[in-house]
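Have the model open while you read.

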Amino acid sequence: MTVSGVLGALLLTSCSLIGTGDDDSAADPSTGTSGGTVTGGPVVLVTHDSFSLPKKLVKQFEADTGYELELRSNGDAGSMTSQLVLNVDNPLGDVAFGVDNTFAGRALEAGVFAPYRGEWPAGVEDFALPGDDEGVLTPVDNGDVCVNVDTAWFDEQGLEPPQTLEDLTDPAYEDLFVTSGATTSSPGFAFLLATIAAYGEDWPAYWEDLLDNGAKVVPGWEDAYFVDFTAGGGGARPIVLSYDSSPAFTTTDDGSETTTAALLETCFEQVEYVGVLAGAENPTGAQAVVDWMLTPEVQAALPDSMYVFPVVDGVEMPEAWAEFAPRPEEPLAVDAAEIDENRDAWLTEWQDLVSR
Amino acid sequence: MTSYGGSGAPRLAGLAALAVVPTAVLGVFFVLPVTGMVSRGFVTDGALDLGGVLEVLGRPRTRRVLWFTVWSSAVATTIAVLLGLPAAYATHRLRWPGRRVVRACLLVPFVLPTVVVGVAFRQLLGEAGPLGFLGLDGTARAIIAGLVFFNVAVVVRGVGAAWESLDARPGEAAAALGASPAQVFRTVTWPQLRPAVVSSASVVFLFCATAFGVVLTLGGLRYASVETEIYLLTVQRLDLQAAAALSVVQLLAVTALLLLAARLRAVPDATVTRRAPTPRRPRRADTVPLVLTALVLAFVAMPVLALVTGSLRPDDSWSLEAYRALSGRGSAPGQGGTALLVPVTEALVTSLRTAVDATWMALLLGGLLALLLTRRSRSRTERRVRSVLDGLFMLPLGVSAVTLGFGFLITLDEPPLDLRDSPLLIPLAQALVALPLVVRTLVPVLSGVDDRLRQAAASLGAGPVRALVTVDLPVVWKPLLAAGGFAFAVSLGEFGATSFLARPDDPTLPVVIFRLIGRPGPLNDEMAMAASVVLAGTTALVMLLVERLRVPSVGAL
């Protein structure tokens with residue numbers, strides 16, 4: 001009865017007809033586990049599905065430190081955080097990048113990360129997570145979720161664009177705003193937090209006004225921006241929820257000006273962190289990755305690779321960003337622990353308001 | 001090796017050996033992760049907590065979600081069957097120029113990433129879209145249209161594969177004796193076709209009931225299905241108890257549905273005379289199915305055309321810029337952007353490699369299962385075991401990808417099963433999703449083979465392998481191709497489980513497309529559409545090639 005044996009062998013030697021031979025991923029597990037102060041060997045970076053850095057930088061890191069960087073992606077930032085929490089006793093890797101301030105509370109509460117703080121260049125401290133008393137998370141990048149307007153559309157209509165959250169409930173802007181949902185998209189949740197930061201306990205009343213004024217809520221950022229936004233895909237609404245960097249991508253053909261603008265009084269700041277995972281097999285490698293994320297090379301690559309701003313001071317920005325993506329002075333903020341405590345209640349109430 | 005005509009212990013041992021590989025795979029890659037995930041929700045602080053689970057089920061929102069899932073899936077399934085049957089007939093029984101191309105094209109929606117199709121659909125239906133006046137945006141009707149769009153191919157191919165080789169002579173005889181076409185269909189064709197129709201319908205229902213992207217994108221936030229709710233509860237809120245409660249309800253409902261389907265599928269005598277397919281020229285009476293097929297094609301083509309147009313019109317003027325950019329990494333030229341770790345072209349190669357692996361895995365496991373399920377049972381227990389196995393392998397279709405994906409990570413994390421990093425995980429997960437399609441396509445055909453033919457072959461001295469090759473293979477060849485096509489398409493388009501498991505530096509095309517469309521960037525939207533068009537084109541091409549494969553010289557044996 002050799003059938004099952006043959007089948008088993010077949011299963012184990014997954015053989016594709018189309019092979020490009022890029023199969024050097026399986027790292028040798030025998031290296032790098034022979035004591036406390038090893039260098040070299042694989043280090044596993046758990047991250048979300050928008051992670052991207054130039055291959056050249058990764059190669060350089062490997063050459064400089066002797067570690068092999070293995071990436072493991074686990075869905076979006078929310079899904080990744082949930083999985084880190086669920087696997088806290090047997091971590092998915094050595095180091096995790098991409099937990100942001102809206103999910104950090106959950107990760108800290110569950111003890112996902114181990115303390116580590118390397119050398120922080122100037123500027124990083126400003127983005128440290130309030131309430132991270134053990135010092136487990138290192139800020140890597142930041143970006144603001146802001147309401148954007150199609151300035152070209154408003155010029156054409158001879159209408160003054162809105163400026164504040166309050167303006168969005170003004171009848172002059174009836175049926176003009178589209179946002180993505182707080183339960184289904186990360187910027188949508190950030191916008192909900194912005195309104196909570198601005199209106200405190202009265203945020204449900206604000207949302208009622210907003211919805212009464214014809215605000216449209218769609219599931220994803222891409223639905224709002226590429227379908228309903230006038231400047232994104234030829235939609236019908238000139239006010240959209242997006243990022244403070246978005247105007248850098250709507251420049252005119254000659255690159256002399258941009259046709260959209262972010263409303264800097266409506267912004268909620270998102271900061272992404274990296275941290276060594278508790279119980280990591282390769283803690284020294286993990287620490288090296290944390291330090292690497294703050295190097296000038298990685299920081300400078302962030303805008304083009306992941307559409308976010310660096311946290312280190314004095315990093316040179318791409319031209320379009322420097323010119324067309326001004327940052328808010330004082331973005332709205334909600335404490336990470338408070339978010340963790342109230343997330344369920346807020347989302348439930350918000351969902352009721354929207355599906356009413 | 002035992003022969004099929006053998007008896008007693010050796011025969012049973014042979015059958016058990018056939019079952020062992022598929023069952024082990026299902027146990028490790030489905031039962032284990034799902035129970036692992038569900039038990040996390042049922043146990044609070046080390047004690048079983050059923051009260052909490054019952055509380056979740058009592059919530060009005062839970063009931064609303066369940067009800068919506070059931071009715072929207074039922075309506076979508078009904079429409080898909082009603083539209084799919086005439087199309088299956090026209091594309092498999094009739095001979096007309098271009099029918100192969102049409103057959104291949106009808107399968108295209110199956111692989112398209114729901115996010116992108118959702119956006120394309122909404123650009124048609126949205127406030128400013130050409131069909132905006134219909135007011136469909138964000139309605140349940142839009143969701144149902146989306147579900148039908150994605151699933152009509154299952155009916156066309158599943159039923160078509162069984163219909164193609166039905167012997168036309170009994171029907172012709174009935175017609176010669178004065179039966180009207182309707183009578184022929186009711187009394188001759190339908191009884192032979194029913195198992196295949198029920199099979200396809202149950203698969204479609206399961207696909208609809210676990211649809212994620214379609215419901216979310218097209219329904220907006222007003223509608224929630226069990227699947228979107230499980231995602232929300234698991235990922236956003238980490239409310240494992242509620243998620244587990246819903247997962248269990250989902251499992252129970254799926255089981256009930258499968259029992260019902262098994263009952264509806266059962267016919268007194270499954271034996272069907274089959275011949276090599278001989279499609280004939282359309283007659284006047286075939287106008288109705290042909291027109292309906294054209295309608296289905298138009299319906300399927302609409303969002304695809306919207307995609308093609310969208311991909312060709314960056315900046316409101318026609319250009320191939322988005323396609324040229326596919327070999328790059330996204331974002332604006334000149335800004336040095338690298339939205340992606342790998343060029344789209346490389347992701348396509350990864351997708352194709354994964355799909356090849358997933359296809360052979362699904363065909364191998366599905367083929368073994370189908371063989372096992374269609375051998376004539378010698379006892380009642382044997383029959384029971386068969387029908388339990390049959391149902392068991394349908395379950396992966398009915399379970400949330402989130403539950404499965406998370407379950408993988410929390411259960412397959414220790415030696416000897418530390419598979420979290422295994423490159424086999426993605427094709428295997430995809431093969432599990434495709435497996436029910438393979439089984440459901442093969443079983444109706446294989447069970448139609450008269451067992452006496454195999455016995456005759458055996459008594460003439462043919463070994464089991466030779467009997468298989470001479471008796472079963474010729475009959476099952478076309479359906480096997482159809483099933484392979486399905487598996488390939490499922491794998492190419494799979495996003496749910498893959499997005500949890502794919503390595504960021506080696507993503508599949510749907511993952512890349514999702515990433516492209518999820519961020520600003522002057523060309524990203526168009527590139528996502530262009531990549532979807534490439535995915536669709538590749539699929540259609542592969543389907544066409546697969547259709548051309550013939551069973552190698554059966555007569556020579």
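## Where the domains touch in chain A

In this predicted model, 17 residues of domain 1 of chain A are in contact with 13 residues of domain 2 of chain A. Which helices each supply at least two residues of the domain 1 side? They are α3 (77-86), α4 (104-110) and α12 (319-324) of chain A. Of these, α4(A) gives the most to that side, with 4 residues. Sorted by class, the side of domain 1 of chain A that touches domain 2 of chain A has 8 nonpolar, 6 polar and 3 charged residues.

As for the bounds, the domain assignment puts 40-142 + 271-322 of chain A in domain 1 and 144-269 + 326-354 in domain 2. Taken over C-alpha atoms, the centres of the two domains of chain A are separated by 27 Å.

## Chain B as a whole

Now over to chain B, whose secondary structure comes to 23 helices and 2 strands. Its radius of gyration is 24 Å, close to the 24 Å that the globule rule gives for 557 residues, so chain B is as compact as a globular protein of that length. Along the principal axes, the C-alpha atoms of chain B fill a box of roughly 75 × 65 × 45 Å.

How much of chain B is made up of buried residues? The share is 55% of the 557 residues. And if you take the contacts in chain B between residues at least 6 apart in sequence, 82% of them join residues at least 24 apart.

Two packed helices are described by the angle between their axes and the distance between the axes. Here are both values for two pairs:

| Helix pair | Angle | Axis distance |
|---|---|---|
| α1(B) (9-42) and α17(B) (401-411) | about 90° | 7 Å |
| α5(B) (114-125) and α22(B) (509-517) | about 45° | 9 Å |

With an angle of about 90°, α1(B) is therefore roughly perpendicular to α17(B). On the α1(B) side, the contact is made by Leu32(B), Pro33(B), Val34(B), Gly36(B) and Met37(B). Residues on the α17(B) side include Leu404(B), Phe406(B), Phe408(B) and Ile410(B). By class, this contact has 8 nonpolar, 4 polar and no charged residues.

The other pair sits at about 45°, which means α5(B) is oblique to α22(B). Here Val115(B), Val116(B) and Val119(B) of α5(B) meet Ile513(B), Phe514(B) and Ile517(B) of α22(B). The residues of this contact divide into 6 nonpolar, no polar and no charged.

Note on methods:
Residues numbered from 1 in each chain as written. Chains lettered and ligands numbered in written order. Predicted model: local features only at pLDDT ≥ 70, side-chain atom pairs only at ≥ 80, totals over all residues. Axes fitted to C-alpha atoms, helices over the stretch in contact; angles between N-to-C directions. Parallel < 35°, antiparallel > 145°, perpendicular 65-115°, else oblique. Contact = placed C-beta atoms within 7 Å. Nonpolar A, V, L, I, M, F, W, Y, C, P; charged D, E, K, R; others polar. Rg over C-alpha atoms; globule rule 2.2 N^0.38 Å. Buried ≥ 20, exposed ≤ 12 C-beta atoms within 10 Å, placed from the backbone. Domains from an automatic or database assignment.
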